Amino acid sequence: MAWAVPVAILALAAAVLAARGIRALPAVQSFLAEYPGASPLPAGAPVGFPAWLAWQHGLNVFFILFIVRSGWQIRTAGRPAMFWTRRNIGALRTRRAPARMGINVWLHLTVDVLWVLNGLVFYALLFATGQWVRIVPVSWDIVPNAVSAAIQYASLGWPVGDGWVNYNALQTLSYFSIVFVAAPLALATGIRLSPLWSSRRLSKLVPIAVTRAVHVGVMVFFLVFIAVHITLVLATGALRNLNHMYAATSDGGWTGFWIFAASLAVMVVAWFAACPRLLRAVASLGGTVTTR
């Protein structure tokens, strides 16, 4: 796989050169002038980012990190070192015996639940505050504007705009895909793959092999989005973008950077703290942990 890096670099260089050549064409220049890369927002659309959006963003980053980590461990770790079984008592008591699952599956499902709960709060606030109009396409000119933005990005001539006021069309479509397509699809396929799934009739309608392929594909989509997102955040004005995302401000100060740095430190600590001993202690709070 060592050849993959130079091949990727050559492919990116070729794409940039091609985009620059295309952008120099008179017809393309006229197209870019007509469609600058952003669709106008409806009247009364909110400006800026509220504080709740900043902390929602930080929590989502944390949860996605451990969802991807635990999901990858499920696929690659082989036989789990520990198994967890829910205590079938109290309000959680069921007629059937609880399913036993590997500790990595338990972690994956636990973080999934937190991510879904956080997502429900996000959806509620998104529509309650009107922020939805910023990531939901409301006119068909979003398509040519997205093509325009893609040409500008590929040619390294970034679209002119201010994300504090309005996303460009490519950003809008990307965020819409993440929030309203990829996230629900990850949840739906995850439920099907969960050991808690017990419907034999629906299992025939939703083949597990297809579901697993879609679930992994969604994970890859998330990872590609995150990689591109981080690259553009750093390349198009890191301090300003981090202030938007973490401090809910639109200045060029360092507040967003320090909040971002603190969140990274928390994630690093949590990554190393999530060792078998801690996982066993936490999992034991809601069930029985065994080694066989």
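**A helix and its neighbours**

Modeller: Just after α9, Ala 248 has a positive phi of about 55°. Keep in mind that this is a predicted model.

Colleague: Where does α9 sit, buried or exposed?

Modeller: Of its 10 residues, 7 are buried, so α9 is largely enclosed by the rest of the structure. The buried ones are Asn 241, Leu 242, Asn 243, His 244, Met 245, Tyr 246 and Ala 247.

Colleague: What do those buried residues pack against?

Modeller: They pack against α3, α8 (208–235) and α10 (255–273).

Colleague: Pick one residue. Where is Asn 243 found?

Modeller: Asn 243 is in helix α9, which covers residues 238–247.

Colleague: Why does Asn 243 count as buried?

Modeller: Its relative accessibility is 0%, and buried means under 20%, so Asn 243 counts as buried.

Colleague: What does the side chain of Asn 243 reach?

Modeller: The backbone oxygen of Gly 253, at 3.0 Å. Leaving out residues up to four places away in sequence, Asn 243 touches Ala 248, Thr 249, Asp 251, Gly 252, Gly 253, Trp 254, Thr 255 and Gly 256.

Colleague: New topic, helix pairs. What describes two packed helices?

Modeller: The angle between their axes and the distance between the axes.

Colleague: Then what are the angle and distance for α3 and α10?

Modeller: The two helices pack at about 30°, and their axes are 11 Å apart. Angles under 35 degrees count as roughly parallel, so α3 is roughly parallel to α10. The crossing of α3 past α10 is right-handed.

Colleague: Which residues make the contact?

Modeller: From α3, Val 61, Phe 62, Leu 65, Phe 66 and Arg 69; from α10, Val 266, Met 267, Ala 270 and Trp 271. By class, the contact of α3 with α10 has 8 nonpolar residues, no polar ones and 1 charged.

Colleague: And α3 with α4? At what angle do the axes cross?

Modeller: At roughly 155°, with the axes of α3 (residues 51–76) and α4 (residues 103–128) coming within 9 Å. An angle over 145 degrees counts as roughly antiparallel, so α3 is roughly antiparallel to α4.

Colleague: Is that crossing left-handed or right-handed?

Modeller: The crossing of α3 and α4 is left-handed.

Colleague: How many residues of each class are in the contact of α3 with α4?

Modeller: That contact has 18 nonpolar, 8 polar and 1 charged residues.

Terms used:
Residues are numbered from 1 along each chain as its sequence is written. This is a predicted model: local features need pLDDT of at least 70, side-chain atom pairs count only at pLDDT 80 or more; totals for chains, interfaces and linings use all residues. Side-chain values use heavy atoms; hydrogens and water are left out. Helices (H or I, at least four residues) and strands (E, at least two) are DSSP runs, numbered from the N terminus. Buried means under 20% relative accessible area, exposed over 50%, partly exposed in between (1.4 Å probe, protein chains only). A polar contact is a pair of N or O atoms within 3.5 Å; within protein, one must be able to donate a hydrogen and the other to accept it, and residues adjacent in sequence count only if both atoms are side-chain atoms. Contact means heavy atoms within 4.5 Å. Axes are lines fitted to C-alpha atoms, for helices over the stretch in contact, and angles run from 0 to 180 degrees between N-to-C directions. Angles under 35 degrees count as roughly parallel, over 145 as roughly antiparallel, 65 to 115 as roughly perpendicular and the rest as oblique. A crossing is left-handed if the near helix is turned anticlockwise from the far one by less than a right angle, and right-handed if clockwise. Ala, Val, Leu, Ile, Met, Phe, Trp, Tyr, Cys and Pro count as nonpolar, Asp, Glu, Lys and Arg as charged, and the others, Gly among them, as polar.
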